[in-house]
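Colleague: Hi! Could you walk me through this structure? I'm still new to reading these.

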Amino acid sequence: MIEFNLNGKVVRSNAFDDTPLLWVIRDEFGLKGTKFGCGIAMCGACTVHIDNDAVRSCSLPLAMANGKEVKTIEGFENKHPLQKAWVKEQVPQCGYCQSGQIMQAATLLDKNTNPSDDEISAHMSANICRCMAYPRIKKAIKEAAKQSTLGVNIFDPSISKDA
Amino acid sequence: MKLLNKSLLNNTSKGIDNDFEEAPQLSRRKFLIGAAKSSLIMAFAPLAMSLTASASQIISDRAFSPSVWFEIKNTGEITVHVARCEMGQHVGTALAQIVAEELGANWDDIRVEHASSDPKWGFVMTGGSWSVFQMYKPLSQAGAAGRLTLIDAGAKILGVSAHSCDVKDSKVISGNKSITFSEIINKGKFDRTFTPEEMAKLSIKSPDKRHTIGFDRLALDVPPKTNGKAVYGIDVELKGMVYARPVIPPTRYGSKVLGVDDSKAKNIKGYLGYEILKDQSNWIEGWVSVIADTYQSAIKAADVLKISYQAGSSANINEQDIIDEGIKLVNQKESGVLFVNDGDVDKAFKVAASSMSATYITHTAMHFQMEPLNATAEFKDGIWHVHCGNQSHSLTQPAVAKALGVKVEEVMIHQYYLGGGFGRRAYGDYAIPAALTAKQIGKPVKFIFTRVDDSKFDQARSASVQKVSGALNKNNELIGYQHYVSAGWPTLAMAPGFMPKALDGKGNFDPFSTSGSDHWYSIANNRVRTINNQVAQKAFNPGWLRSVGPGWISFGAESFIDEVANEINIDPIDLRLSLLDGKGKNKGHHPQSVNGAKRLKTVLEHCRKTANWGGKLSKNEGIGIATSFGQEREMPTWIACAAHVKVDPRSGEVKVKKITMTLDCGTVVHPDSARAQIEGSILWGVSLALFEGTEIKNSNYAATNFHNYTPLRMNDMPEMEINFIDSKEFPVGLGEPGVIAVAPAIANAIFNASGVRLRELPMKAEHVREQKAKA
């Protein structure tokens, strides 16, 4: 029995220890937003967060998720700035890879609130978009970075504490 | 992937309904408007239908078989039903925009529904960059008929004359009076029929009055694709279903299972057994389906199954065998069949002061759409229900029926979002093993190909060989041109009814492996022969890959024209411009290719200005140009493309720095998704030119997954400048055309940067090094 936290809820699975987390998330817990692409961690369609790191769930044995916090695209509840930016920039074409792209991009913005073009390319080249919506993925990440209130807070004495 | 040549339509053989061209089919239909329950329904219906019943009666009885329709609920919600699939083009949005434009609808009221299989839709294929081109007219007319009806009813309620009324934001407006569509539907009575003649006479808005076409709307399919809610074929779950995975046999054709040992699989928890599939159509032979209660168990069990086979007879074909056969074929004067034959080519070459020729090769290229093939199948209430994303119910439904040995109407295909199509989901043969497994075990089955299974069962773009020759007179004018193209033919394998008769009457040919050779350059003596490579045909199932024939044929044609320019020392743009005179057959015709080659000339001139052509470049850099007119000569999207590359003189590595593209596709219905299609297809072009490609090895594809098939990633993305010519002409296609000119533009740029002429796709650093060493 493996127990982990899935989008804020504790869940338990009796699947084999070596079952890729992807199939447990999709078929046992019914969260279909995470996609199967290659099965060898080469395409990124299955990207989820485990303790806030982007992980390829198609190649992660269930046992490795034991006791961890797993977040999928559904866990963002449509509130993540990247999701808004993805709509604003009209990023998805077929859309199949986009959950993975968003999960991957989120870990970039977590660590780097203002990534450069090259930093975005380096981070996002781990994920394939077969429709090649890359220019828009890049644009949307920049847009989200602009909108994001995450990251470095600069103390501005002119703004009151409660504002 | 689509050809709209009228002669083609006339030549389609039995088995494929000639109705596949949507517009004429609809022109034989009448348009009904009537109320049913709380909705106003507007639909095309067959002419032959009841002559006595009223439109309203027919609609409320649901006695009709509409092929294009939309409805307005009394709440004001407008649903447009489209028989086109969504695979990234946002096609539902563009088609709904056309209806909304004429209807005068508020965009916020619009919804789109994608249809499941039903004969009422006629021949349905989402491909060929065809959707907007085909549906523009009928949807405009349908919207206009709706507008007229709403105006008449609204005017009556408002107590004004219909002539004083207009529509806007889902309201009928007359001076300072107005009434919403929803109020009209609640209060009015509707019973109206438009004859085909009346439909044809309806006035369509002039371009300057448009409020929806040509304006950006947020694509309706985007939000669910950002939060995990979009449902793809692979997300389908049916009650009581089990999972299955195939074991793909050693050869595409003729394999036979001799024995299966599943003793090891039996140790895997959840393994339920295997089935040797019995396909009554013999489309798949020697397939074993492995069944389990989870997909992971099916994957594991399939891996440990021991199957002995008798392989098909052509088990040992390699890429080089296909290429060798192609080279042989393009060098035989009479091989294949005649496609273009203008003037007297033999004479031109005989009297020529000089001539030149070159042979171009493209290697096997694969789909690798992100969503691996899958289908979920179930027999319920006498119907075989197949759930999967697919580009063509019309090709998939009969294929499944034939495999099952049932009637076509006993199969129902349910549509979902496609995790990429690119031509692989046009002939939905992946539904066959799903349906057969469901049949043989008597249970609903979710049948998923792993990525490796998907690759093995791909329908790759065949390797190709083409030879282009030119004859020049003493003034260095191109007086003769000859182009031989050869490849494995997808249409022969999957839709032979679409193969038209050749010009010489000596057989039929695959238009999707030929078009692109019928260029718009005015050369008096011009011949094209198209040749099936049967070695390729035997080894694997050739497929339609985004941009099909023009995607590889233009690599030859547009490289060659540059080679000629270089030979005679003329600027390659000047040479092209001199041949684009728009005379004779290159004049084009109304409506889709009006002004013909002159529009190609315009985009080329525009691209020349925007692409820094002739400007100063850094060392080892070059700009190359190419034009295209895809997706078909009968549906031309006029494109000029410039590639700016840098070639590392030592490693031979090619970096594409920038692509500049100018295009004229007539009226742009949805500018932002048009741009998105071009961005994606330019990158496809770069990817196919430099990063993709595999080889046939023992009649299988060498590439199996993303570790050995490597499409372009973000770090390889060049800068792009895309310019659309502002046009009010008839809209043509955009899904594929952007791919076509990219590879030859890069090849020409490599030549300009390094002096190395590459005649093989994909173009690799080692090719540059080899050529440099030879020079």
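This is a predicted model: local features need pLDDT of at least 70, side-chain atom pairs count only at pLDDT 80 or more; totals for chains, interfaces and linings use all residues.

Colleague: Great! How many helices and strands are there in chain B?

Modeller: Chain B has 22 helices and 32 strands.

Colleague: And what does chain B span along its principal axes?

Modeller: The C-alpha trace spans about 85 × 70 × 50 Å.

Colleague: What share of the residues in chain B count as buried?

Modeller: Of its 775 residues, 64% count as buried. Chain B still exposes about 27,600 Å², and carbon and sulfur atoms supply 49% of that area.

Colleague: What about contacts along chain B, how many join residues at least 24 apart?

Modeller: Taking contacts between residues at least 6 apart in sequence, 77% join residues at least 24 apart.

Colleague: Where do the charges sit, how far apart are the mean positions of the positive and negative ones in chain B?

Modeller: They are 1 Å apart, for 88 positive and 81 negative charges.

Colleague: Switching topic: how many residues of chain A and chain B are in contact?

Modeller: On the chain A side there are 48 residues, in contact with 62 residues of chain B. In chain A, Gln90(A), Gln93(A) and Arg130(A) lose the most area to chain B, together 18% of what that side buries. The two chains bury about 4,500 Å² between them, with 59% of it on carbon and sulfur atoms.

Colleague: Let's stay with Gln90(A). Is it buried or exposed?

Modeller: Gln90(A) is buried, with a relative accessible area of 5%. Its place is the loop between α2 (81-88) and α3 (98-111) of chain A. The phi of Gln90(A) is near 55°, a positive value.

Colleague: Why point that out?

Modeller: Most residues other than glycine have a negative phi. Asn52(A) also has a positive phi, of about 75°. Asn52(A) is in the loop between β3 (47-50) and β4 (53-56) of chain A, and Asn52(A) is exposed, with a relative accessible area of 54%.

Colleague: One last thing: which residues does a cis peptide bond join in chain B?

Modeller: Most peptide bonds are trans. One cis bond joins His590(B) and Pro591(B), with omega about -5°; Pro591(B) lies in the loop between α17 (572-579) and α18 (597-610). Another cis bond joins Leu761(B) and Pro762(B), with omega about -5°. Pro762(B) is in the loop between β32 (760-761) and α22 (765-774).

Notes. Residues are numbered from 1 along each chain as its sequence is written. Chains are lettered from A and ligands numbered from 1 in the order in which they are written. Side-chain values use heavy atoms; hydrogens and water are left out. Helices (H or I, at least four residues) and strands (E, at least two) are DSSP runs, numbered from the N terminus. Buried means under 20% relative accessible area, exposed over 50%, partly exposed in between (1.4 Å probe, protein chains only). Contact means heavy atoms within 4.5 Å. Accessible areas come from the Shrake-Rupley method with a 1.4 Å probe; for residues, only the protein chains shown count as cover. Lys and Arg count as positive and Asp and Glu as negative; His and the chain ends are not counted. The place of a charge is taken as NZ of Lys, CZ of Arg, CG of Asp or CD of Glu. Buried area is the accessible area (1.4 Å probe) that two parts lose on being put together, summed over both.
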